[in-house]
Amino acid sequence: MARVVVDVMLKPEILDPQGQAVQRALPRLGFEGISDVRQGKRFELEVDGPVDDAALARIHDLAESFLANTVIEDFTVKVESDDVVAGAVK
């Protein structure tokens with residue numbers, strides 16, 4: 001079984017009030033030096049069988065039509081192994 005991750009983020013030109021609220025709270029909490037925060041969504045999909053070009057195309061269609069509002073959000077689709085997530089061992 002493979003894991004495919006769909007990350008959905010607001011487009012850069014779209015106002016992100018939740019990210020702004022977090023960014024404003026960070027100095028009060030002792031976290032200095034953070035100039036911007038953007039919030040998003042992460043979907044982890046466990047895929048039965050191989051993740052070939054056809055499977056990735058179906059997941060891309062799923063993300064485009066269901067997981068993301070493409071008017072205001074961008075998304076990326078990537079395959080992750082079971083042992084490594086974003087360069088860090090689980």
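**Burial, charges and strands**

Student: What is the relative accessible area of Glu 73, and is Glu 73 buried or exposed?
Tutor: Buried means under 20% relative accessible area, exposed over 50%, and partly exposed in between, using a 1.4 Å probe and protein chains only. Glu 73 therefore counts as buried, since its relative accessible area is 12%.

Student: What kind of model is this, and which pLDDT do local features need?
Tutor: Residues are numbered from 1 along each chain as its sequence is written, and side-chain values use heavy atoms, with hydrogens and water left out. The model is predicted: side-chain atom pairs count only at pLDDT 80 or more, totals for chains, interfaces and linings use all residues, and local features need a pLDDT of at least 70.

Student: Which pattern does the protein follow along the sequence?
Tutor: Helices (H or I, at least four residues) and strands (E, at least two) are DSSP runs, numbered from the N terminus. The protein has 2 helices and 5 strands. Read along the sequence, they give the pattern β-α-β-α-β-β-β.

Student: In what order do the 3 strands of the open sheet stand?
Tutor: Two strands pair if DSSP finds at least two bridges between them. S1 and S2 pair in the antiparallel sense over 8 bridges, and 8 bridges join S1 to S3, also antiparallel. The order of the open sheet is thus S2-S1-S3.

Student: Which are the edge strands?
Tutor: The open sheet has 3 strands in the order S2-S1-S3, with antiparallel pairing. An edge strand here pairs on one side only, and the edge strands are S2 and S3.

Student: How many residues of S1 are buried?
Tutor: S1 is largely enclosed by the rest of the structure. The reason is the count of buried residues, which is 8 of the 9.

Student: At about what angle does helix H2 run to S3?
Tutor: Axes are lines fitted to C-alpha atoms, for helices over the stretch in contact (heavy atoms within 4.5 Å). Angles run from 0 to 180 degrees between N-to-C directions. Helix H2 (residues 53-67) lies across S1, S2 and S3, and its angle to S3 is about 150°.

Student: Which strand holds Lys 78, the partner of Asp 7?
Tutor: The side chains of Asp 7 and Lys 78 meet in a salt bridge of 3.2 Å, N to O. The pair is 71 residues apart, with Asp 7 in strand S1 and Lys 78 in strand S3.

Student: How many residues apart are the parts that Lys 41 and Glu 73 tie together?
Tutor: Lys 41 forms a salt bridge with Glu 73, the closest N and O atoms being 3.3 Å apart. Lys 41 lies in strand S2 and Glu 73 in strand S3, so the separation is 32 residues.

Student: Which side chain of opposite charge is nearest to Lys 11?
Tutor: Lys 11 is found in the loop between strand S1 (2-10) and helix H1 (17-28). Lys and Arg count as positive and Asp and Glu as negative, while His and the chain ends are not counted. Lys 11 is buried yet has no salt bridge; at 4.3 Å away, the nearest side chain of opposite charge is Asp 74.

Key:
A salt bridge is a side-chain nitrogen of Lys or Arg within 4 Å of a carboxyl oxygen of Asp or Glu.
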